Amino acid sequence: MTAVDLDTHLAGLADATDRLVRWAGETGPEAVVPTCPDWTVGDLVVHQGAVHRWATAMLRGGDPRAVDIPDLEPEGRAAPDVTAWLRAGADELLATLDDAPDDLEAFTFLREAPPARLFWARRQHHETAVHALDVLAAREGRAPTADDAWWTPAVAADAVEELLVGFWPRRGRGPRAEGDPYEALVSAADTGDRWLVAVGADATTARRLAPADGAPGGAATLAGPAVDLHLALWNRGGVVEDPDGLLPRWADRGRVV
């Protein structure tokens, strides 16, 4: 469950959208995105605009089998001003979230997901923030650092939780053990959050550790400030302590675009 409240996620989504639109306008659509090397800024803006529209459709009771994100991208590519197209979709998403009841029944797709309204606010906040940081990296022509990130350690820890507990245990997601299964302790030094990740040949599972839980013996470790952990686990840089070389093993199967 997310430890960050709905209002924080809604404000974060609005702020990240503002930054993405501003930086995309300053950078231009043809610039290469260092953190997503197969994409230009234009590709990223189209993708994010399509994601916002897909999220809105799901909040309104849409069937994920009937519409998918790639189905919505041609509209963005044909738009005369793709950043204005993204802005329009984000505004509609925020309005839909504002109007939705707390007990909304709608499609969600992560393990241990919070209720639908909070789920979608959280998911779109984290995704839009990371992609805004991608566009900033394109503008600056370098990989981002934690100093470039504007979100709080609490928000970063929530994004780490969403990735480890929500995304990675899904079928086909998460890293895999090439040999024997192993455990890894992921620790955010500044927030005190810790997660135990169990990596097997066929699946990855993760759970949050309670403050009173001791560190498991023999577990590999990955530690650092929450924002650095967030960036590192999302393959966006970040300075962390990784004595067991987890990140190189996790980079491909653990990737979330």
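**Exercise 1. How close do the axes of helix α2 and α5 come, and at roughly what angle do they cross?**

Solution. The model is a predicted one, in which local features need pLDDT of at least 70, side-chain atom pairs count only at pLDDT 80 or more, and totals for chains, interfaces and linings use all residues. Residues are numbered from 1 along each chain as its sequence is written, and side-chain values use heavy atoms, with hydrogens and water left out.

Step 1. Helices (H or I, at least four residues) and strands (E, at least two) are DSSP runs numbered from the N terminus. Helix α2 covers residues 41–59, and helix α5 covers residues 116–140.

Step 2. Read the geometry. The axes of α2 and α5 come within 11 Å and cross at roughly 175°. Axes are lines fitted to C-alpha atoms, for helices over the stretch in contact, and angles run from 0 to 180 degrees between N-to-C directions.

Step 3. Classify the angle. Because of that angle, α2 is roughly antiparallel to α5. Angles under 35 degrees count as roughly parallel, over 145 as roughly antiparallel, 65 to 115 as roughly perpendicular and the rest as oblique.

Step 4. List the contact, meaning heavy atoms within 4.5 Å. Residues of α2 that take part include Val-41, Leu-44, Trp-54 and Leu-59; those of α5 include Ala-116, Trp-120, His-131 and Ala-138. By class, the residues of this contact are 11 nonpolar, six polar and two charged. Ala, Val, Leu, Ile, Met, Phe, Trp, Tyr, Cys and Pro count as nonpolar, Asp, Glu, Lys and Arg as charged, and the others, Gly among them, as polar.

**Exercise 2. Describe how α1 packs against α5.**

Solution. 

Step 1. Helix α1 (residues 6–27) packs on α5 at an angle of about 25°, and the axes are 8 Å apart.

Step 2. The angle therefore makes α1 roughly parallel to α5.

Step 3. The crossing of α1 and α5 is left-handed. The term applies if the near helix is turned anticlockwise from the far one by less than a right angle; clockwise gives right-handed.

Step 4. The contact of α1 with α5 holds 14 nonpolar, 10 polar and five charged residues.

**Exercise 3. Work out the order and pairing of the strands in the sheet.**

Solution. 

Step 1. The open sheet has four strands in the order β3-β2-β1-β4, and its pairing is mixed. Two strands pair if DSSP finds at least two bridges between them.

Step 2. Find the edges. β3 and β4 each have a single partner strand, so one side of each is left without a neighbour in the sheet. The twist averages 20° from one strand to the next.

Step 3. Take the pairs in turn.

- β2 (residues 194–199) and β3 (residues 204–208) are antiparallel over five bridges. Val-197 faces Ala-206 in β3, and four residues lie between the two strands of this hairpin.
- β1 and β2 are antiparallel over six bridges, with Ser-187 opposite Arg-194 in β2. Their hairpin has five residues between the strands, and Gly-192 in the turn has a positive phi of about 80°.
- β1 and β4 are parallel over five bridges. Leu-185 has Thr-221 in β4 as its bridge partner, and Val-186 stands opposite Leu-222 in β4.

Step 4. α6 touches β1, β2 and β3, and its direction makes about 20° with that of β2.

**Exercise 4. Which residues of α7 are buried, and what covers them?**

Solution. 

Step 1. Buried means under 20% relative accessible area, exposed over 50%, and partly exposed in between (1.4 Å probe, protein chains only).

Step 2. Eight of the eight residues of α7 are buried: Ala-226, Val-227, Asp-228, Leu-229, His-230, Leu-231, Ala-232 and Leu-233.

Step 3. Their cover includes α5, α6, β1, β4 and α8. β1 is itself largely enclosed by the rest of the structure, because six of its seven residues are buried.
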